[in-house]
Amino acid sequence: MSHSLWQSVLGEIELSVSHATYMTWFKNTELINDAPANFTVAVPNIFAQRQFEVKFDSQVKAVLEKNGVKPDAITYIVKTAAKRPVASRETTHHLPADRLVAPAKKSIPSQSQPVSGLNPRYSFDNFIVGSSNDLAYSACQAVAQHPGTKYNPLFLYGGVGLGKTHLIQAVGNEITKKQPDTQVLYISSETFVNDFLESIRFKKKGFATKYRNVDVLIVDDMQFIAGKEKTQEEFFHTFNALHQANKQIIISSDKPPRNIPTLTERLRSRFEWGMSIDIQMPDFETRCAILEAKAAQSGVELERETVEYLANNIKTNIRELEGALNQLLAYSEMRGIPADISTAEGLIGNVRRSRPQHLTPKQIIDKTARHFQLSPAEICSAKRDKHIVTPRQIAMYLLRSELHLSFPKIASELGRKDHTTAIHSVEKIEKAIKLDFLIREQVAELRDKLYV
Ligand code: ADP
Ligand code: MG
């Protein structure tokens with residue numbers, strides 16, 4: 001149906017996103033229904049469905065509108081295609097040589113590195129959005145569209161390897177692409193400290209000019225400025241000068257401003273003027289989507305079970321996830337063996353023998369119950385007391401995020417017939433995690449307990 005409409009939409013999208021993005025997400029999609037009230041697009045799997053709902057929806061709508069079609073909303077449904085060849089390399093793509101030599105290393109900055117400090121490898125395009133980072137992603141997008149107006153400063157915080165540097169660099173790259181005249185400066189707070197110390201020690205000029213004449217200042221890993229009072233004072237002045245001139249300031253840190261020890265009060269209050277958002281550890285679905293996208297960038301298509309195996313076993317952060325994937329690809333390339341689940345088991349099983357390989361639904365229910373000092377029977381009962389209902393919803397959420405169970409299966413694990421309760425519960429906790437710090441902490445703590 002409307003084959004040509006969708007073909008022209010795809011054609012246009014192919015021009016505006018990277019090849020890997022197109023191949024991973026758009027290639028195997030299909031228009032199922034073009035009635036404006038029931039506009040439906042089929043996508044190959046649940047990961048793609050999520051990416052379309054969260055990330056590509058507005059882009060697709062914009063291209064449709066250009067083609068004279070304005071649906072009320074788009075529904076993305078999963079339609080599994082015939083099985084594609086496994087772990088095959090596309091002929092036009094080769095594994096980049098640097099992956100074989102130094103899998104997890106970043107490229108060494110060369111002299112041609114632009115003075116902006118930006119690395120073009122970080123873009124919005126190759127950033128995978130999931131519930132753990134969609135707020136941060138949206139805020140960064142908003143800032144990239146209208147720097148200096150909306151969220152100023154924008155403060156992103158979260159643990160290592162969760163995508164902070166990637167996102168804040170993506171903002172810089174996007175602005176530079178759209179408005180090449182904009183002066184963007186990306187630095188780590190260590191660079192700021194060193195520059196400042198040097199400027200005093202050697203009475204160097206130009207420090208204030210360098211920092212106060214930019215349009216967008218991006219400071220990574222702000223926690224390193226903690227305890228350095230003189231530098232903080234200097235940063236305070238830089239901040240004020242830029243902010244007064246409506247210049248955009250973006251900051252990342254491993255903790256929210258209020259939790260950075262020895263951050264001076266006035267700097268803390270400045271940081272709290274704008275918007276602070278945290279990036280969480282990505283859930284199972286997002287981890288799978290990231291692996292699929294990264295494998296596709298290397299021209300490799302992994303079997304679903306291999307992707308799920310990696311995503312199930314590496315839950316620390318995305319840097320490690322990426323490292324494990326690179327290790328798998330490099331190893332299979334060197335040995336000439338398939339990058340499949342048994343190779344992955346061989347590689348990862350070695351380093352992580354202590355971790356349980358398979359988490360069962362029962363373990364999730366038992367551990368959730370124990371965490372909230374309830375019995376498994378209570379969690380699975382029909383009781384509606386609040387102190388039981390929320391843990392029950394969290395158990396359902398974890399069954400979904402960690403084991404990826406279907407809703408009917410989740411319902412039956414908790415002794416229920418109706419799976420709409422499961423859908424409702426999972427959605428409720430997903431929302432609560434975004435809005436409620438306490439729930440977020442509880443779920444994170446519990447999730448950690450599942451794997452010990
Ligand atoms: P942080 O600055 O929070 O320590 P990084 O931004 O350096 O983390 O991310 C670590 C690695 O993981 C980088 O290679 C980055 O490109 C990748 N990464 C992080 N989040 C995502 C994501 N959502 N999608 C794709 N790649 C990601
Ligand atoms: Mg970083």
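These legends go with close-up views of a predicted model.

Some ground rules apply to every view. Local features need pLDDT of at least 70, side-chain atom pairs count only at pLDDT 80 or more, and totals for chains, interfaces and linings use all residues. Residues are numbered from 1 along each chain as its sequence is written, and side-chain values use heavy atoms, with hydrogens and water left out.

View 1. S401 sits in helix 17, residues 386-403 (helices are DSSP runs of H or I with at least four residues, strands are runs of E with at least two, and both are numbered from the N terminus). S401 counts as buried because its relative accessibility is 6% (buried is under 20% relative accessible area, exposed over 50%, partly exposed in between, using a 1.4 Å probe and protein chains only). Leaving out residues up to four places away in sequence, S401 touches D283, F284, E285 and R447 (contact means heavy atoms within 4.5 Å).

**View 2. Helix 11 against helix 13.** Helix 11 (residues 284-297) packs on helix 13 (residues 318-335) at about 45°, with the axes 10 Å apart. Axes here are lines fitted to C-alpha atoms over the stretch in contact, and angles run from 0 to 180 degrees between N-to-C directions. The two helices are therefore oblique to each other (under 35 degrees is roughly parallel, over 145 roughly antiparallel, 65 to 115 roughly perpendicular, and the rest oblique). Helix 11 supplies R287, I290, L291, K294 and A295, and helix 13 brings I318, L321, E322 and L325.

**View 3. Helix 15 against helix 17.** Look here for the axes of helix 15 (residues 361-371) and helix 17, which come within 10 Å and cross at roughly 145°. P361, I364 and T368 of helix 15 meet P391, I394, A395, L398, L399, E402 and L403 of helix 17.

View 4. The peptide bond from N152 to P153 is cis, with omega near 0°. P153 belongs to the loop between helix 5 (134-145) and strand 4 (154-157). Most peptide bonds are trans.

View 5. D221 isn't a glycine, yet has a positive phi of about 55°. D221 is in the loop between strand 6 (216-220) and helix 9 (229-244), and is partly exposed at 22% relative accessible area. N246, also not a glycine, has a positive phi of about 55°. N246 lies in the loop between helix 9 and strand 7 (248-253) and is exposed, at 55%.

Note on methods
Chains are lettered from A and ligands numbered from 1 in the order in which they are written.
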